Amino acid sequence: MNTNKCRKCRAEKALSNEQIIEMVKQVTAMKGVKLAEQSEYERRIEICRLCEYFFAGSTCKLCGCVMQVRARLSDGKCPFPGKSKWAKK
Ligand code: SF4
């Protein structure tokens, strides 16, 4: 597998910080969205940063989601096969 591409969308370019911030703003402003605690968000993002499927500082190569968005959602899930890497031990 080419590890320089997102498996889902085939993107090769990293998103800019501005693009990520805008995505976070849009999703967190949506009606009915429940957010995770800040500490839980930070815990998840730290796990992603160490993961072999984390791409270009923002994207999970398994699901194609931007982790700065997905990790903020209270019901956000890690799609790692077998067992979520975000699961608490
Ligand atoms: S597989 Fe899980 S830990 Fe790895 S980048 Fe995707 S969401 Fe993050």
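User: Where does Ala 56 sit relative to strand E1 and strand E2?
Analyst: In this predicted model, Ala 56 occupies the loop that joins strand E1 (54–55) to strand E2 (59–60).

User: What is the phi of Ala 56?
Analyst: The phi of Ala 56 is positive, about 55 degrees, although the residue is not a glycine. For context, most residues other than glycine have a negative phi.

User: And why does Ala 56 count as partly exposed?
Analyst: Ala 56 has 14 C-beta neighbours inside 10 Å. A residue is called buried at 20 or more and exposed at 12 or fewer, so a count in between gives partly exposed.

User: How far is Phe 55 from Val 66?
Analyst: Their C-alpha atoms are separated by 9.4 Å, and the two residues are 11 residues apart along the chain.

User: Let us zoom out. How many helices and strands are there in the protein chain?
Analyst: The protein chain has 3 helices and 2 strands. Their order along the sequence is α-α-β-β-α.

User: What share of the residues is buried?
Analyst: Of the 89 residues in the protein chain, 16% count as buried.

User: And what share of the contacts comes from residues 24 or more positions apart?
Analyst: Such pairs account for 58% of the contacts with a separation of 6 or more in the protein chain.

User: Now helix H1. What span should its 12 residues have?
Analyst: Helix H1 (residues 17–28) should span 16 Å at 1.5 Å a residue. The C-alpha atoms at its ends are 16 Å apart, which agrees.

User: Which residues are in contact with Arg 72, apart from its sequence neighbours?
Analyst: Not counting residues up to four places away in sequence, Arg 72 touches Val 24, Thr 28, Leu 35, Ala 36 and Tyr 41. Arg 72 itself is located in the segment after helix H3 (67–70).

User: Is Arg 72 buried or exposed?
Analyst: Arg 72 counts as buried, because 22 C-beta neighbours lie inside 10 Å.

User: Next, the ligand. Which residues are around it?
Analyst: The residues around the ligand are Ile 47, Cys 48, Cys 51, Tyr 53, Phe 54, Cys 60, Leu 62, Met 67, Cys 78, Pro 79, Phe 80 and Lys 85.

User: How many residues of that shell are nonpolar, polar and charged?
Analyst: By class, the shell around the ligand has 11 nonpolar residues, no polar residues and 1 charged residue.

User: Take Ile 47 from that list. What is it in contact with?
Analyst: Leaving aside neighbours within four places in sequence, Ile 47 is in contact with Lys 85 and Trp 86. Ile 47 and Trp 86 are 39 residues apart in sequence, yet 7.1 Å apart in space, C-alpha to C-alpha.

User: Where is Ile 47, and how many other C-beta atoms lie within 10 Å?
Analyst: Ile 47 is placed in helix H2 (residues 38–49). The residue is partly exposed, with 18 other C-beta atoms within 10 Å.

User: What about Glu 46, buried or exposed?
Analyst: Glu 46 also lies in helix H2, and is exposed, with 11 other C-beta atoms within 10 Å. The C-alpha atoms of Glu 46 and Trp 86 are separated by 9.8 Å, the two being 40 residues apart along the chain.

How values were computed:
Residues numbered from 1 in each chain as written. Predicted model: local features only at pLDDT ≥ 70, side-chain atom pairs only at ≥ 80, totals over all residues. Helix = DSSP H or I, 4+ residues; strand = E, 2+ residues; numbered from the N terminus. Contact = placed C-beta atoms within 7 Å. Near = placed C-beta within 6 Å. Nonpolar A, V, L, I, M, F, W, Y, C, P; charged D, E, K, R; others polar. Expected span 1.5 Å × (residues − 1).
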